[in-house]
Amino acid sequence: MTPQEEQFWAKIEAEEKIEPKDWMPDDYRKNLIRQISQHAHSEVIGMQPEGNWITRAPSLRRKAVLLSKVQDEAGHGLYLYSACETLGISRSEMIEQLQTGKAKYSSIFNYPTLTWADVGAIGWLVDGAAIVNQVSLQRTSYGPYSRGMIRICKEESFHQRQGYEAILALAKGSPDQKAMAQDALDRFYWPALMMFGPHDSESAHSQKSMQWKIKRETNDDLRQKFVDQTVKQIEVLGLEHPDKAIKWNEERGHYDSSDLNWDEFWSVINGNGHCNRQRIEHHVAAHDEGEWVRDAISAYNEKKRAKKAQNAA
Amino acid sequence: MSDIKAATLEYATRLGDDSVVLGHRISEWVSYGPFLEEDIAYGNVSLDYIGRARMFYTYAAELAADGRDEDDFAFMRNDREYRNLLLMEMPKGDFAYSQVRQLFADVYYTVLLPELLQSKDETLSAIAAKAIKETKYHLRRSRDWVLRLGDGTEESHKRTQKAVDQLWGYTHEMFDMDETEQLLADEGIGVDVSKLRDAWLKMVTDILTEATITVPEDSWAVRGGRTGYHTENLGHMLTEMQIVHRSNPGCKW
């Protein structure tokens, strides 16, 4: 091991953070770029399924809450892009990777939001699952990512409470509203569990990421936490649990549950979900339509600079 | 209900309608902006307008005292009952169109709100106090955008000039008075908007000129928002906005 490598591993061992100017192995850097940019893209693409309901929110209060939430997601996208830029990749490169499919985003956003209840379900289950993962990432070994996670977690837990509260209003509302809540739970429960990624044995990046302490807990452990915490929440709502096999296991101290439909998981990851094409097309279309606006800013700034130089001369 | 109270109810409803309609139009940009920072800014401005709408409607509901709440005003009235200015309901168009509309609206509020702040009606005055701060930020943003787009590339200039020309005719009714608003202006409750056009025109002219945009002649004007005579756009907008609320009558959300 070179002295640089020794120093790097000593820091990892001592739970010290790796900072942008520190030496780091190439693979560590690549792995971080993959993970952080994927996380940033998820925030950005995630604006679409929720944004889908901004113009139809059923009350002014809910409209304001949703707008503010989607705005937070965009903000998270920004911090994460910035955190990733500290690793030597530009935002435009990351956007290109997203648009060409080279970089991924969370597969959950390839499921359509079909009713108002889906907005609540996303806050409750999707943000809920994300938090379980992100809480553990607050201890990730890369400094900027860890600090970003600490900030993001605070806002996400707020979103989760708002989402749960929105679903609660439906679950305690009219029979139609309750049915809407149940339908959203039935559709989003399974994809939310898949957000933790494949089984540890199938996960391509897990082992190395654990050694580097980029990742702090395994996919299956995090998923189990989420399964456990959700049972009680569903009970409080008075809704039916989508997993008929859910059962407390005294010996393990956890709930046992059905295995997931991994064929569906891989199919959506590989681009064949309900909305994969739509999400990317939407992003590309908005980005392309914005090109003349970005060009205008550059041209304007250039004119101002030239004028200033002329005045100075 | 006294004439003044009835007029104030109508007035608060009109101002609420302006806010909710413009706030809705701005919200249509979320995830469609030219870059991420703009998605955030649009969300922010939209939130301010939705917040204003809630304050005006809550006050209207209080004056009406007939069991309605803010959501009844927003979701249970049809387009013929809405009283917003036509400018606010025009579709989002391209980025230049939305920013030019925003500039016209922001300058309008910049001249209107300080007058409303002087209202003898404490609630209207308090809403104005909050809105003034927001409008300061909104105007900074729309002004900067119009400058950059107007004096940017040939294409952005063309789009901005086109937007100005297309929207100009909808700005005149912003300064119209009717009996209701005259009564309130005489009582020191409402604003006499007919006196605000010069100040509005001066600010807009200065900004457009700096942006190398030609200020249009006042050759046409379309009116009708305050009497419920809208463009075809509002009906579609409200259909979308009200669908979930109206499909589930009497529900809480």
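**Notebook: the domain 1 / domain 2 interface of chain A**

I began with the buried area in this predicted model: domain 1 of chain A and domain 2 of chain A bury about 1000 Å² between them, and carbon and sulfur atoms give 57% of that. I then asked which residues of domain 1 of chain A lose the most area to domain 2 of chain A. They are Q48(A), Q99(A) and N110(A), which together make up 56% of what the domain 1 side buries.

Next I looked up the bounds. The domain assignment of chain A places domain 1 at 3-260 and domain 2 at 274-312. I noted 30 Å between the C-alpha centres of the two domains of chain A.

I went on to contacts. On the domain 1 side of chain A I have 12 residues, in contact with 10 residues of domain 2 of chain A.

I checked for polar links across the interface of domain 1 and domain 2 of chain A. The rule finds zero salt bridges there. For polar contact it finds six residue pairs, both residues at pLDDT 80 or more.

I then asked which helices of chain A each supply at least two residues of the domain 1 side that touches domain 2. I found α2 (26-45), α3 (47-51) and α5 (91-99) of chain A. Of the elements on that side, α5(A) gives the most, with three residues.

Last entry: I sorted the side of domain 1 of chain A that touches domain 2 of chain A by class. I have nine nonpolar and three polar residues there, and no charged residues.

Notes:
Residues numbered from 1 in each chain as written. Chains lettered and ligands numbered in written order. Predicted model: local features only at pLDDT ≥ 70, side-chain atom pairs only at ≥ 80, totals over all residues. Heavy atoms only, no water. Domains from an automatic or database assignment. Contact = heavy atoms within 4.5 Å. Buried area = accessible area lost by both parts, 1.4 Å probe. Salt bridge = Lys/Arg side-chain N within 4 Å of Asp/Glu carboxyl O. Polar contact = N/O pair within 3.5 Å; in protein donor to acceptor, adjacent residues only side chain to side chain. Helix = DSSP H or I, 4+ residues; strand = E, 2+ residues; numbered from the N terminus. Nonpolar A, V, L, I, M, F, W, Y, C, P; charged D, E, K, R; others polar.
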